[in-house]
Amino acid sequence: MHTVHSESSAPSPSSRPVPRRRSRRGVVPMFAGLLTGMMLSSLSQTIFATALPTIVGELRGVDQMLWVTTAYILAATVVVPVYGKLGDLVGRKGLFVAAIGIFVAGSLAGGFAGSMPVLVAARAVQGLGGGGLIVLAQAIVAEVVPARQRGKYLGIMGAGFAVSSVAGPLLGGWFTEGPGWRWGLWVNVPLGLAAIVLASVFLQPSARRPERPRIDVAGMTLLALTTTALVLITSFGGRSVEWVSLPIGGLAALAVVAGVAFVLVERRAVEPVIPLRLFSDRTFCLVTTAALLTGVSMFGVLGYMPTYLQMVGGVDATEAGLLTTPMMLLMLVTSTVAGALVSRTGRYRAFPVAGSGVMAVALLLLSTLEPGTSVRIACGYLALFGVGLGLTTQILVLIVQNAFALRIVGTATAATNYFRQVGASIGTAVVGSLFTARLTTLLAERLPPGATTGPSEAGSFTPAAVAGLPGPTRDVVTTSYADAMTPVFLVLLPLALVAAVLLLFVREAPLRTTLDEEVGGGATGPDREGGTRGTPLRSLSHRRAERC
């Protein structure tokens, strides 16, 4: 049985070390290191948004365009729960530094890519590292900051995501028109090295369990297979492969078989990568589902609006990046303010509910865009979408962390991030598939004879190439881009509405004010998933709230 000590008492040799709340002076430099690493990951998800049309034109791979983004997100999704569980088992500092190193290696490889397959592979390596940065940063903050004060730190993390999301399209556009899009990858090297130094100096090793960790290799493998099959189905189905076909049927069968096997394995695993016990918690189920739906909408918009602005609005890559600034600035402000208000008042449910509603309104407005719509109006709609994101994303993480004991806070945080990333993977793939399939069809139908000889040439359009087309042909191309993109936003609208409704049913439990409450909990005993005796899955305060 583990004993919890106050900060003034000395721990007994037999007790498991309990992370202590640090002074503000100690938290700030540690938090700077976490924020740098997290921003690397978020930067890599948006830096190609403005460069993508030029990249696919130069490497002649429009049929693989969605994979530049999807490869990163898919790889990151697969490893998120792995990082979360390993962090709980062996500590997070070493994992955080290793994740940055993998990310930097992928960036170097991508910068030298001479073809789309090589670039896609490098992006996957980036994702293997980047997938751990955000979830490990969030879990490390949970180790040292009580839930009541954690809102402002998570709010700043949300603001950091907004800043990097603004910098991503801007840097992507500047590199594309200046030294070249490859510098969008190489810039990660000095930033990654700086993050490694900060993490090595300021992060303290996490408390480790005295027993030898039992790694759930089977569960991790089956989860990776299930996730990969799902994303491949949404990526290729209806585009390069018919929905009713042997490849899609085989992938669907693999997803079902691997998913069922994963559940069976997790029921018997000593240290399951995603404990099934999590799903018995009402708050976790509601918030995780809402996070998944938010991920679909978020990455569906972030991934393709810069392309729309370039191809339909006629702006260059740098201008497209600048036009996303209002969205990210409002996301920065609302995330920071919402986090501060949660820390001050202890109330949190209203923020993500309102945020999901605002996102729904923004998606409705985006679906009305036309080639003749002013770029300023489009930016206003994007800014409104940023307000919704700022009110939602980081507060959902806080709600989940408050529902579980510190012993598995990394696992719970990773599980929520995993399902949000699943939403991002599927959302990006679905949006990309719908967009490219519709675009190819419209171009084939509308372009005059002789304007193009096949899909590969039509798909090699870059913003510069479109600007140089004769007037009638240019109008056909820009109208086709608009008609292919805007209906997708209307498809995403119901997802935001469902997320808002689900979050209305979240019970607002009190935010804990000490770390001891999160570790101590109720009676000890074996975890339902077969875990080690000691801290229960949920804290005593959470159980009392449920009984009330």
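## Close-up views of a predicted helical model

View 1. At 10% relative accessibility, Leu-302 falls in the buried class. This is a predicted model, and the residue sits in helix H11. Which residue lies 80 places away in sequence but 9.3 Å away in space, C-alpha to C-alpha? That residue is Leu-382. Pairings across the sequence also show up in the contact count for the protein: among contacts between residues at least 6 apart in sequence, 85% join residues at least 24 apart.

**View 2. The largest nonpolar core.** This core holds 145 residues, and those touching the most other members are Leu-34, Phe-96, Leu-119, Met-157 and Met-305. Helix H11, spanning residues 282-311, supplies the largest share, with 16 residues. A second, separate core has six residues, among them Trp-67, Ala-71, Val-78 and Val-120. As background, nonpolar side chains in soluble globular proteins tend to be buried together.

**View 3. The surroundings of Phe-96.** What does Phe-96 contact once its neighbours within four places in sequence are set aside? Its contacts are Gly-33, Leu-34 and Gly-37, then Leu-133, Leu-136 and Ala-137, and finally Ala-199 and Leu-203.

**View 4. An aromatic cluster.** Five residues make up one aromatic cluster: Phe-279, Phe-284, Phe-404, Tyr-418 and Phe-419. The count of aromatic pairs comes to seven. One of them joins Phe-279 and Phe-284, edge-to-face, with 5.4 Å from centre to centre and 80 degrees between the planes.

View 5. Helix H13 covers residues 325-345, 21 residues in total. Why does its length agree with expectation? At 1.5 Å a residue the helix should span 30 Å, and its end C-alpha atoms are 30 Å apart, so the two values agree. The buried residues of H13 are Thr-325, Met-327, Met-328, Met-331, Thr-334, Ser-335, Ala-338, Gly-339, Val-342 and Ser-343. When reading such a list, recall that an α-helix has 3.6 residues a turn, so residues three or four places apart point the same way. Just after H13 comes Gly-346, with a positive phi of about 80 degrees.

View 6. Cys-285 counts as partly exposed, at 27% relative accessibility, while Cys-379 counts as buried, at 9%. How many disulfides does a search of the whole structure find? The search finds zero.

**View 7. The whole protein, for orientation.** The protein has 21 helices and zero strands. Of its 548 residues, 58% count as buried. The accessible surface comes to about 20,700 Å², and carbon and sulfur atoms account for 66% of that area.

Note on methods: Residues are numbered from 1 along each chain as its sequence is written. This is a predicted model: local features need pLDDT of at least 70, side-chain atom pairs count only at pLDDT 80 or more; totals for chains, interfaces and linings use all residues. Side-chain values use heavy atoms; hydrogens and water are left out. Rings of Phe, Tyr and Trp (its six-membered ring) pair if their centres lie within 6.5 Å; planes under 30 degrees apart count as stacked, over 60 as edge-to-face and the rest as tilted. A nonpolar core is a set of buried Ala, Val, Leu, Ile, Met, Phe, Trp, Tyr and Cys residues joined through side-chain atoms within 4.5 Å. Buried means under 20% relative accessible area, exposed over 50%, partly exposed in between (1.4 Å probe, protein chains only). Helices (H or I, at least four residues) and strands (E, at least two) are DSSP runs, numbered from the N terminus. Contact means heavy atoms within 4.5 Å. A disulfide is a pair of cysteine sulfur atoms within 2.5 Å. Accessible areas come from the Shrake-Rupley method with a 1.4 Å probe; for residues, only the protein chains shown count as cover. The expected span of a helix is 1.5 Å times one less than its number of residues.
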